[in-house]
Amino acid sequence: MRMTVLASGSKGNSTVIASARTRILVDAGLSCRELLRRMRLVGEDPAELSAVLITHEHQDHIAGVGTLARKLRIPVFFTESTHRAWVRSLTPRTTMTYAQWLDKMQAEKELAQRAALEPSATEAGPVAEVDLCAGAEADEAPRTDPTSLPDVQYFRSGQDFQIGDLHITPFTIPHDAADPCGFVVHCPAEGIRMAVATDLGYMPPNVKAALKGTDVLLLESNHDLEMLKDGPYPWSVKQRVLSRVGHQSNHATAEFLARDYDGGAHTIVLGHLSEQNNNPALALLAAQEALGHKPKLLGNRVVLAEQGLPLDPIRL
Ligand SMILES: [Zn+2]
Ligand SMILES: [Zn+2]
């Protein structure tokens, strides 16, 4: 199994998680073009992607999802609330009743079914064209509904589902979005468990429990408390980040690693670092100090995810 963090931070998040048979993308918070470029850079063939999973509707997690899913003709997995919030954010002036919403979803489903029955020349064409990402956003017809997706799949936090040979467990996280979640991705065939937990106001017991037994953990280490307090953000934004539905500090991450973490991971990836209010060296030091007494020979390697470029794949 492998995890490849394509991007992490407030300007965009996306991570590939793959077994030998199945490849999924957790979040699509860069442009389609950039997502495809970064996948190629790390040797992940976009044509092999089975699905996109969305943690929540904030732009830094979802910006490229529509174009990417339409290009690759792959399903997008959301909670229903997250999907609705995303559609609303792209159609701000329409107020839709729930009945209208259901009609819209039904119409889209029928459209997708018809398209599947009568594949047009473009739909039948190979997905892995060399220039797939060239002008990915630009070459769509201007009238393309930005909210249309080839296939929408709903999940609920706390209820497992399966994509190929990957077992996915979504878990609720405290964050100021409609229905935000993290994911544990388990491949029973390979006996490996990987998890993504960012955008955490704090770590409630259900999150700590979900992260037990993970082999690779992408965990938020957003800000240094002093840098945030002294930094350039307006007070209202500082309060939002610090709140219980905001983002997790280096200190809170270290506290989890020292007190609650089971010590069994091969690699811990610190992610969603603030460019304004954090210093990668501080985040790394806080986590390493917290892990001080945990065995290093078997793992507990700490690496920092980056905003501007993908990390090397972590293979287990
Ligand atoms: Zn975010
Ligand atoms: Zn967020």
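1. A quick term first: two residues are in contact if their C-beta atoms, placed from the backbone, lie within 7 Å. Bear in mind, too, that this is a predicted model.

2. Let's start with helix α10, residues 250–259. Its buried residues are Asn250, Ala252, Thr253, Phe256 and Leu257. What covers them?

3. On to how α10 sits against α11. Their axes are 8 Å apart and the packing angle is about 20°. Angles under 35 degrees count as roughly parallel, so that is what α10 and α11 are to each other. The crossing is right-handed.

4. Who touches whom here? From α10 come Asn250, His251, Thr253, Ala254, Leu257 and Ala258, and they meet Leu282, Ala283, Ala286, Ala287, Glu289 and Ala290 of α11. By type, the residues of this contact split into eight nonpolar, three polar and one charged.

5. Now for strand β9, residues 181–187: seven of its seven residues are buried. Cys181, Phe183, Val185 and Cys187 point one way, while Gly182, Val184 and His186 point the other way.

6. β9 has a strand partner in β8 (residues 166–172), which runs antiparallel to it and is joined to it by six bridges. Within that pairing, Pro170 has Phe183 of β9 as its bridge partner.

7. β9 also pairs with β10 (residues 192–197), again antiparallel, through five bridges. Val184 stands opposite Ala195 of β10. The β9–β10 hairpin has four residues between the strands, and Gly191 takes a positive phi near 65° there.

Conventions:
Residues are numbered from 1 along each chain as its sequence is written. Chains are lettered from A and ligands numbered from 1 in the order in which they are written. This is a predicted model: local features need pLDDT of at least 70, side-chain atom pairs count only at pLDDT 80 or more; totals for chains, interfaces and linings use all residues. A residue is buried if 20 or more other C-beta atoms lie within 10 Å of its own, exposed if 12 or fewer, and partly exposed in between; C-beta atoms are placed from the backbone. Helices (H or I, at least four residues) and strands (E, at least two) are DSSP runs, numbered from the N terminus. Two strands pair if DSSP finds at least two bridges between them. Axes are lines fitted to C-alpha atoms, for helices over the stretch in contact, and angles run from 0 to 180 degrees between N-to-C directions. Angles under 35 degrees count as roughly parallel, over 145 as roughly antiparallel, 65 to 115 as roughly perpendicular and the rest as oblique. A crossing is left-handed if the near helix is turned anticlockwise from the far one by less than a right angle, and right-handed if clockwise. Ala, Val, Leu, Ile, Met, Phe, Trp, Tyr, Cys and Pro count as nonpolar, Asp, Glu, Lys and Arg as charged, and the others, Gly among them, as polar.
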